[in-house]
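Me: I'd like to learn how to read strands and helices in a model. Could you walk me through it?

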Amino acid sequence: MKISKKKIARVIGIAVLVILVGALWAFSAILYNENLNQRFESYKPLMLQVEDFAGLKCTKYQFPSDSGQMLAGYWYSSGNSQRGIIILAHGFGGGGHNSYLDCVNYFAQHGYYVFAYDATGNDESEGKGVGGFPQGVIDLDYSISFVENSGNFPDLPLGLFGHSWGGYCVCSVLTYHPEVKAVISCCGTNSSSDIFEVGGKEEAGNGIYALMPFIKIHEWMKYGKYATNTAMDGFAASDAAILIAHSEADLVVPIQYGYDLYYEKYKDNPRFTFLRFKNKGHSDFFVDANDTYKEEINATFDKWAASLNYDYKAEENMQRFAKDKAAFLEANLNRERWSNRLDIDLFEQFLAFYDENIPLKSN
């Protein structure tokens, strides 16, 4: 049987297309894993400590997540904790929950227990790496179930609090936990792949859009329903009160990836509260704009670094400089000022939102 040239060309074309698609898929998966699937540790010289906050108490727990990896959980309380439980989901890349300890303390001092945890691949939790963004929703899902079912904690209404990666997680997880009463999401995105898109666009420009379909497929194959479930899906599955806070000046998670989408659909919905800021940025979103201590310690550090008798930027001096830097911060960091930089006006709004929407449990 003679095969026509057109059929041969068609078969070759299909084969080339399959190879090209497979190559793009493989490249996308490698790119995703290289950029995201890392371990993240808090920088010890700048870590907050329970002792920095008068009256704050902490009990550490361990509990399993989806693949049996043990996560470190922390139960925070003060003498004023009794109204409800707030579960805190931290951001991506800076280690676990430690950098939010001032947020934890504020809520604990104003009537709430707080359960915070280190997500997979962060600080005290197991995992060679984070894995991917949907892992954050999985870990939060398991954290909520641990608080509700372990028997270690009082039976009180739940609220969620998340920033950045955690901001996306606390919304998406509502699909699996509609019993949650109130959610505060700061600087978050609608979907897990959005976060990769933002970073990829900064590095590769509009070329990242050619890879995004493969990134979404990769996440779906790895995480299933958790990868396709969005913050919007969580809102639709829940009656929880939702507070969305974001800054127009956020360069890490641009406001159009979350806040703007939610506002367009829910601006007239009474269970939604929107706080839009101009210049709060991202990483220091919770810091009082009038607090200058970070700038002061940075200026002191720069002056000290310039006085060193060796080239601290040279590769051969990296380890030496790391030790010297840690010693400098140990000697010069004012822990009281470092641990008390919260924007109290903002947190008063957060507290009022929780107080209004987390009902007091009747005896």
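Reply: Happy to. On the face of helix H10 turned away from its buried side sit the exposed residues Glu295, Lys303 and Ala306. Buried means under 20% relative accessible area, exposed over 50%, and partly exposed in between (1.4 Å probe, protein chains only). Helices (H or I, at least four residues) and strands (E, at least two) are DSSP runs, numbered from the N terminus. The model is predicted: local features need pLDDT of at least 70, side-chain atom pairs count only at pLDDT 80 or more, and totals for chains, interfaces and linings use all residues. Residues are numbered from 1 along each chain as its sequence is written, and side-chain values use heavy atoms, leaving out hydrogens and water.

Me: Which residues of H10 are buried?

Reply: Tyr293, Ile297, Phe301, Trp304 and Ala305. Seen down the axis of H10, they fall within an arc of 100 degrees (from the directions from the helix axis to the C-beta atoms), so they line one face of the helix. They pack against helix H11 (318-332) and helix H12 (335-338), where contact means heavy atoms within 4.5 Å.

Me: And how do I read a strand?

Reply: In a regular strand the side chains alternate between the two faces of the sheet. In strand E6 (residues 182-186), Ala182, Ile184 and Cys186 on one side and Val183 and Ser185 on the other are all buried.

Me: Which strands pair with E6?

Reply: Two strands pair if DSSP finds at least two bridges between them. Strand E5 (residues 158-163) runs parallel to E6, joined by 5 bridges, with Leu160 partnering Val183. Strand E7 (residues 241-247) also pairs with E6 in the parallel sense over 5 bridges, and there Cys186 has Ala245 as its bridge partner.
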